[in-house]
Structures are given as C-alpha cells and as structure tokens.
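Subject: Structure handover

Hello,

Here is the structure I said I would pass on. My notes on it follow below the display.

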Amino acid sequence: MTTYRAARGTRDLLPGETAAWTRLERLVDDLADRYGYRRIVTPMFEQVAVFERGVGEVTDIVEKELFRIAPRTDEGESWALRPEPTAGIVRAYVQHGMQTWPQPVKLAMTGPMFRYDRPQAGRYRQFWQFDVEAIGDPGPAIDAEIIELGHRVYADAGLTGVEVLLNSIGDLACRPPYVAELTDYYRARSGELPVLERDRLERNVLRLLDSKDPAMAAVNAKAPRITDRLCAACAEHFAGVRAHLDAIRVPYRLEPGLVRGLDYYTRTAFEFYVAGREGQQQALGGGGRYDGLVELLGGRPTPGIGFGVGLDRLLLALQEQDAPAAHGAEAGPTAVVVGADPDDTVARLRIATDLRSAGIAARAELGRRKLGKQLESAARDRAHFAVIVGDELGAGDVQLRDLPAGTQKVVALADLAREVSRAHAAHRHGVEKG
RNA sequence: GUGGCCUUAGCUCAACCGGCAGAGCACUGGAUUGUGGCUCCAGAGGUUACGGGUUCGAGCCCCGUAGGCCACCCCA
C-alpha cells in the first residue's frame with residue numbers, strides 16, 4: 001500500500017483535473033484585468049500578529065484554525081500560513097506606502113490559503129481563493145462594483161442559482177449600541193435559547209442571528225435588526241450601495257442575519273451562496289468593507305473593501321451542476337510523430353523538435369513500440385495528425401496522416417511544419433464555423 | 001475541537017455463516033513483417049488502510065491509529 005500520502009486536508013490536482021482548474025484561473029485573471037484590479041503576490045506566511053490583528057484575535061480562524069509554523073531558531077518571530085488574503089495584502093499596502101499611489105489601489109490575488117480545520121468535502125486545509133481588494137475608496141459605488149465583479153465570476157464560470165446575500169453591519173458609531181441592545185434582548189429570553197446558543201451570547205452575540213438551530217427562528221424573527229439601527233451615515237451608505245446595485249441590475253437578497261464579528265469590519269457585508277447545495281459548504285465566497293483595518297495594521301485611516309471566491313468550492317459546485325466548465329477536456333497535440341522502425345527514435349525526436357521550433361504542439365513517440373501501437377496511442381491522445389516516418393525519409397519525405405479524417409499524403413520534410421500549421425488552422429476554422 | 005458512518009488492485013465495486021481474494025474499466029503485450037480508437041487473447045497489478053487481539057482458520061468479529069465522508073463548530 002502507499003507509504004507516503006498527501007497531508008490531511010490537502011490533495012493533488014492531477015492532469016485530468018487541472019484543465020478545468022487552469023481555465024478558472026484564467027477566467028478570474030481576465031476579469032480582474034478587465035475591472036482594473038492589478039495582480040499582487042504576497043508571501044504565503046506572515047507574522048502571526050498580522051493575522052491576529054487583520055483577521056481578529058477572537059475569531060475561530062485565529063483561535064483554532066491558524067496553521068502555525070514552528071520557529072526554527074530563536075529568531076523570536078512567530079509565523080503562520082495565511083488563512084485568508086486580506087490581512088497580507090493590507091500589510092503590503094501599508095509597508096510599501098501605497099497610500100501615495102492614486103487611490104483607490106485596486107488589487108487582485110489568486111493563491112492557496114491554509115486553515116487547520118477538520119476536513120470535509122469542499123473544506124480543505126489548503127484551498128484556493130481568488131481575491132480582490134479596493135483600498136482607499138469609501139464607497140458606496142465601489143461596493144457595488146466589487147459585488148458585481150464577484151457575481152460575474154460565477155456567471156462567467158457557468159454556475160447558475162448563485163444568490164447575493166447583502167447586509168450592512170454599521171460602524172463604530174452605531175454598532176456598539178446595537179450590540180448592547182441585542183445582548184439585552186437575548187438575555188431577557190435566555191430561557192428560550194438552546195444551551196449552545198447561550199454560550200455564544202456571551203462570546204459573540206451577532207452570531208446568534210445566523211444560527212441554524214430551528215429553535216432560534218422564532219426568537220431571531222423578533223430580534224432588533226441592525227439595518228433598523230444604522231446611524232444616518234451608515235444608512236445613507238447602505239442605500240447608496242443598493243441604488244448602485246439596482247442601477248447595474250445585480251439581484252441581491254437582504255439578509256439581516258449576515259454578520260462579521262469584528263470592530264474594523266464596517267458597513268457592507270455580502271456572501272455568495274448557491275441554491276441546491278445543502279450542508280455547510282454552500283458559501284462560495286464573500287466579502288465586505290473594512291474601514292478600520294489599514295489603521296489597525298499601522299497605516300493612516302483608510303477605507304477598504306474586498307471579497308474572496310473559494311475556487312475549490314466553485315469547481316465543486318460546477319461539477320454538481322454538471323456544467324461544461326467542470327469537464328475541461330485537455331486539447332490533444334496537433335501532431336504525433338510515429339515511425340515504422342521502432343528503434344529509430346532519433347528521427348522521431350528530431351522531427352518533433354523541428355515542429356516544436358515552428359510553434360506546433362507536437363509529441364514524439366519515443367517508446368520502441370510497433371507502428372500500430374504508436375498510432376493507437378496517438379489516436380487516443382486525440383491528436384489531429386500523425387507524422388509517419390518510414391522508408392520515404394530516404395527521399396526526404398514523410399507521411400502526414402489526418403487521424404480524424406483517416407486520410408494521408410506524402411509531404412516533404414522541408415514543408416512539414418508549414419503544411420501541418422496550414423491544415424490544422426483550416427480544420428479549426430472549419431470546426432468553429434460549423 | 002465533538003459525535004457518527006466508511007476504507008478490498010490505479011479507478012468503480014464483488015467475495016454465502018468466519019473457510020483457496022475476484023470482475024469491469026484503465027495499463028502493457030499479442031492477433032504472420034509500414035497504419036489507429038472497435039473486437040478477441042494474454043500479462044502485470046493485493047501484507048484486504050496500518051497496528052494489535054479473538055479463533056484450528058479473519059477481508060468478514062473485537063480494540064487502537066490514520067485517512068475519507070456526514071452532522072456540529074466555523075467558514076471559502
């Protein structure tokens with residue numbers, strides 16, 4: 001049996017799966033480009049303090065899911081693999097003085113994130129996220145742009161039934177009084193709360209609002225809503241976000257229970273859900289505004305907003321919907337060089353090398369198999385052409401066989417690359433037209 | 001981190017009551033000398049996840065560990 005295996009919660013993406021994966025990465029790269037979000041790459045690990053401050057010390061992500069790196073020496077620093085991209089990006093914004101750049105600074109990143117969680121389908125210890133941040137714009141128009149971009153990622157990937165859940169969680173002026181009011185409300189009804197929820201009441205009241213416990217439904221229905229308690233500035237901002245979303249026709253559902261538990265998260269909060277996925281992994285992505293974060297990481301007070309898309313879950317959802325994007329067949333080579341003399345690997349390799357130099361996707365059959373097997377393998381690779389090397393080589397010719405068509409003709413070696421390119425292009429043109 | 005279900009060839013799965021570990025797909029080769037996807041034949045591939053225990057005998061029963069999945073917790 002296998003001796004070594006990929007670590008728990010991680011997996012290998014094999015060639016059959018990477019085709020769909022590569023297309024998704026290209027799709028998000030192109031979208032970021034089209035929307036003016038420039039690519040940034042930050043390290044996969046940071047000082048623990050970056051995440052403690054940037055994500056929040058009392059969150060599960062930091063309290064129990066942080067992938068800590070054991071320090072090698074007495075360097076005195078304590079590192080962790082990044083559990084999410086925003087903290088590192090904001091750290092880079094501050095470190096490199098991006099406040100002197102034209103604002104807002106719009107950044108995009110795709111890469112692996114790490115959380116020491118108990119794995120499940122769609123929940124991995126190493127998972128990939130596409131992430132976008134706009135730092136330096138208070139909104140509300142940019143909020144709508146960001147949400148629309150996120151929405152488009154799913155639409156362009158071919159995923160249907162994606163819902164935008166939207167809420168505003170206020171700011172430092174209006175949220176503390178609201179939290180106090182909410183705490184009083186639940187305390188007065190603590191007898192009606194399930195035991196688990198009673199613990200959360202003291203830890204993080206806002207979390208009670210999105211409890212999945214059916215017993216909470218009645219209590220939550222009558223709970224005061226943050227959107228009814230927003231200060232004038234926040235209410236105006238929220239109305240602005242909705243007006244902009246309406247103007248660009250992005251459908252959304254107001255979800256008063258959607259929360260972020262930390263002080264520096266402000267105002268706009270949103271998540272992307274896909275209908276028809278029961279269970280816990282239906283959150284495909286989400287984001288929100290963090291007007292207090294840059295300052296918290298040592299910069300000047302600067303507003304910011306962003307979102308992340310879980311690429312693993314997006315692909316999983318596409319597979320569940322049996323969407324074309326999930327299948328991603330790899331393209332076969334344009335030409336495979338085969339030979340009548342199994343031992344003449346020199347001729348096959350040389351001709352394949354020449355084709356590659358001419359920009360053609362070519363594979364040489366370098367094994368010493370008889371011609372029949374070589375052709376069989378080429379056909380199964382869905383190659384367009386087989387270049388058959390045989391006795392004609394003495395006269396400077398090879399056979400060029402169109403595998404799908406089953407036709408074949410003699411071509412001079414000197415004309416081979418030109419002829420393959422021409423015929424391949426003509427064929428693809430015909431396929432696209434037809 | 002808590003509870004539950006599961007683990008047999010690379011993949012999908014069989015194996016009666018505890019009694020000789022199998023099939024399909026995939027892979028490699030062959031079917032009279034230089035022509036393919038189909039068909040036929042053959043081969044290779046296993047410490048039944050790992051470690052213990054019970055038994056004359058364990059893939060099957062018991063315990064532990066690891067991994068996967070599900071529900072929590074939380075989130076992407």
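How many bridges join S15 to S16, and do they run parallel or antiparallel? The two strands run antiparallel and are joined by 6 bridges. Please keep in mind that this is a predicted model.

Within that pair, Arg401 has Gln408 in S16 as its bridge partner. The hairpin of S15 and S16 has 4 residues between the strands, and Gly406 in this hairpin takes a positive phi near 75 degrees.

Domains

Chain A is divided into two parts: domain 1 covers 15-174 + 230-327, and domain 2 covers 335-426. Their C-alpha centres lie 49 Å apart.

The five-stranded sheet

S15 and S16 belong to an open sheet of 5 strands with mixed pairing, in the order S13-S12-S14-S15-S16. The edges are taken by strand S13 (362-364) and strand S16 (407-412); each has a single partner strand, so one side of each is left without a neighbour in the sheet. From one strand to the next, the twist averages 25 degrees.

Ala335 stands opposite Ala362 in S13.

Two helices go with this sheet. Helix H13 (residues 345-357) packs on it and touches S12, S13, strand S14 (385-389) and strand S15 (397-402), with a direction at about 170 degrees to that of S13. Helix H14 (residues 371-380) lies across S12, S13 and S14 and runs at about 170 degrees to S12.

The eight-stranded sheet

Another open sheet is formed by 8 strands in the order S1-S5-S6-S11-S10-S9-S7-S8, again with mixed pairing. Strand S1 (38-39) and strand S8 (253-254) are at its edges; each has a single partner strand, so one side of each is left without a neighbour in the sheet.

Strand S7 (residues 162-168) pairs with strand S9 (residues 266-274) in the antiparallel sense over 7 bridges. In this pairing, Val162 has Val274 in S9 as its bridge partner.

Helix H5 (residues 141-157) packs on the sheet, where it touches strand S5 (105-114), strand S6 (126-135), S7, S9, strand S10 (283-289) and strand S11 (304-310). The direction of H5 makes about 10 degrees with that of S11. Helix H11 (residues 311-320) lies across S5, S6, S10 and S11, and runs at about 45 degrees to S11.

S5 and S6 pair in the antiparallel sense over 10 bridges, and Ala108 stands opposite Val132 in S6. S6 and S11 also run antiparallel, joined by 7 bridges, with Asp131 opposite Gly308 in S11. S6 is mostly covered, as 9 of its 10 residues are buried.

Nonpolar cores

Which residues have the most contacts inside the largest nonpolar core? They are Tyr37, Phe130, Tyr186 and Leu314, in a core of 63 residues. Leaving aside neighbours within four places in sequence, Phe130 is in contact with Val28, Ala32, Ala108, Met109, Thr110, Val153, Phe307, Gly308, Val309 and Leu311. Another core, of 22 residues, lies apart from the largest one and has Tyr124, Ile135, Leu293 and Leu297 among its members.

Regards

Technical notes. Residues numbered from 1 in each chain as written. Chains lettered and ligands numbered in written order. Predicted model: local features only at pLDDT ≥ 70, side-chain atom pairs only at ≥ 80, totals over all residues. Heavy atoms only, no water. Pairing = 2+ DSSP bridges. Axes fitted to C-alpha atoms, helices over the stretch in contact; angles between N-to-C directions. Contact = heavy atoms within 4.5 Å. Core = buried A, V, L, I, M, F, W, Y, C linked by side-chain atoms within 4.5 Å. Buried < 20%, exposed > 50% of the residue type's maximum accessible area, 1.4 Å probe, protein only. Domains from an automatic or database assignment.
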